[in-house]
Amino acid sequence: MGRAKLPRKSTNIDMTAMCDVAFLLLSFFILTTKFKPAEAIAVETPSSVASKVAPSKDFVLITITKDGKVFLTLDDEQRKEFIANSLNSTRNLGIDVAAFKKAGFIGAPIAGLKSFLAIPEENRKGDQLPGIPVMDSTNNELVTWLQLVNESYAGAKMDLLLKGDNVSKYPSFRNVITALKKNDILKFQMITNPENAPMGSELWKKSMSGEKQEN
Amino acid sequence: MAELDTSGGGHKKKGPGVKKGKKLSTRVDLTPMVDLGFLLITFFIFTTTMSQPTAMKLFLPDDKVNPEEQNKAKESGVLTIMMGADNHIYYYEGQLKVDASGNNFMSASYNGENSIRDVIMKKKADVRSRATDPENPEKDFVVVIKPGKECTYKNVIDILDEMAINVVKKYALVDISADEAKLVELSDASAKPSTSN
């Protein structure tokens with residue numbers, strides 16, 4: 001009466017393949033993740049319906065913080081070297097070109113640039129630095145900086161970005177614009193967070209009908 | 001793969017003739033490792049920022065151009081928007097008139113009732129209805145943006161954004177005049193603070 005005993009199959013599954021997949025994905029995500037760098041200058045940007053992605057390399061960035069201080073960030077090290085050299089030769093500042101090339105941003109009056117560069121990079125915090133003086137119309141140093149930037153680009157196409165804080169007051173923005181105008185830079189881009197066009201607005205209708213947005 | 005040589009670990013090398021001990025299973029349970037792997041994957045997926053900042057373009061007018069060569073705007077097609085402190089916003093159509101003969105200095109808000117968007121759209125429709133050139137009915141429509149010294153960067157961006165939202169082709173960012181600044185200041189002082197969107 002006995003039934004033939006079926007051989008007991010093991011219930012273990014080989015997890016090796018799954019493990020391989022998991023770690024492959026893991027390494028992919030680790031390698032492609034760019035952590036948001038701890039920003040030395042804290043800025044909360046407003047939102048806009050603009051859909052063009054801001055350029056992330058070879059740009060010139062002007063930052064306006066919430067107390068209206070202005071900072072300049074240059075991306076290209078060669079151009080920074082050029083600027084440092086020409087500052088040294090025309091104004092005899094004696095700044096450290098290597099330190100200037102390494103600096104993430106510039107946030108001090110030109111006269112105090114040497115002591116600014118002496119501060120270790122990780123201790124340069126936007127809220128403790130004086131920023132580039134722009135408020136005084138007779139001494140708008142951003143004009144000088146942009147002139148140098150213009151020279152360093154020597155006619156090449158320049159991506160000028162402006163990143164302002166939500167609550168910074170208009171006068172500092174206006175002074176930046178004045179500096180831009182003085183250097184004949186009449187085209188720039190403002191960094192914003194993306195936002196959808198409000199329902200029912202003309203732009204919304206346009207994008208619904210499949211028309212391409214210009215900006 | 002995933003099999004470890006568990007035989008003979010720790011034991012002395014067996015000499016010839018010594019009977020081999022029972023072979024232990026060489027399989028390692030990989031389930032916890034898979035768990036860990038997927039946990040980390042989830043973490044990295046969620047911490048990856050998806051939204052990249054966008055950039056809106058702005059073209060500045062050239063101040064150095066002779067006033068004679070500058071574009072003249074028709075009075076009937078001009079809407080001037082002024083921004084004051086505490087998210088206040090004011091506008092007038094055509095020329096500013098604040099005297100006994102009339103007052104066209106009005107206030108609006110960034111969102112909600114009486115929003116600046118409605119004002120812009122109404123003005124746009126108005127200009128369109130009076131247009132003489134059917135090819136380009138919005139030719140005369142110009143928005144002049146005059147930020148006061150108390151308004152914030154966000155206010156300026158919001159208004160520039162409003163130009164994009166309402167597809168206003170011609171607009172200009174202009175410095176506020178002394179008279180208008182005074183009016184904005186007075187109105188700011190008397191009005192209640194309002195919120196922006």
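Which residue just after helix 3 of chain B takes a positive phi? The residue is B:Val167, with a phi of about 50 degrees.

## Before we start

This is a predicted model, where local features need pLDDT of at least 70, side-chain atom pairs count only at pLDDT 80 or more, and totals for chains, interfaces and linings use all residues. Residues are numbered from 1 along each chain as its sequence is written, while chains are lettered from A and ligands numbered from 1 in the order in which they are written.

Helices (H or I, at least four residues) and strands (E, at least two) are DSSP runs, numbered from the N terminus.

## Helix 3 of chain B

Let's look at the helix itself, residues 153–165 of chain B. The expected span is 1.5 Å times one less than the number of residues.

A residue is buried if 20 or more other C-beta atoms lie within 10 Å of its own, exposed if 12 or fewer, and partly exposed in between, with C-beta atoms placed from the backbone. In helix 3 of chain B, 13 of the 13 residues are buried, so the helix is largely enclosed by the rest of the structure.

## Helix 2 of chain A

In helix 2 of chain A, the residues A:Arg79, A:Lys80, A:Ile83, A:Ala84 and A:Leu87 are buried. They cover an arc of only 140 degrees around the axis, which puts them on the same side of the helix; the arc is that of the directions from the helix axis to the C-beta atoms. An α-helix has 3.6 residues a turn, so residues three or four places apart point the same way.

On the other side of helix 2 of chain A, A:Gln78 and A:Ser89 are exposed. After this helix comes A:Asn92, whose phi is positive, near 55 degrees.

## Where the chains meet

In all, 44 residues of chain B are in contact with 52 residues of chain A, contact being C-beta atoms, placed from the backbone, within 7 Å. On the chain B side, helix 1 gives the most, with ten residues.

Strands join the chains too: six bridges link strand 5 of chain A to strand 1 of chain B, and the two run antiparallel. Strands pair if DSSP finds at least two bridges between them. Here A:Lys187 stands opposite B:Phe59.

Technical notes. Contact = placed C-beta atoms within 7 Å.
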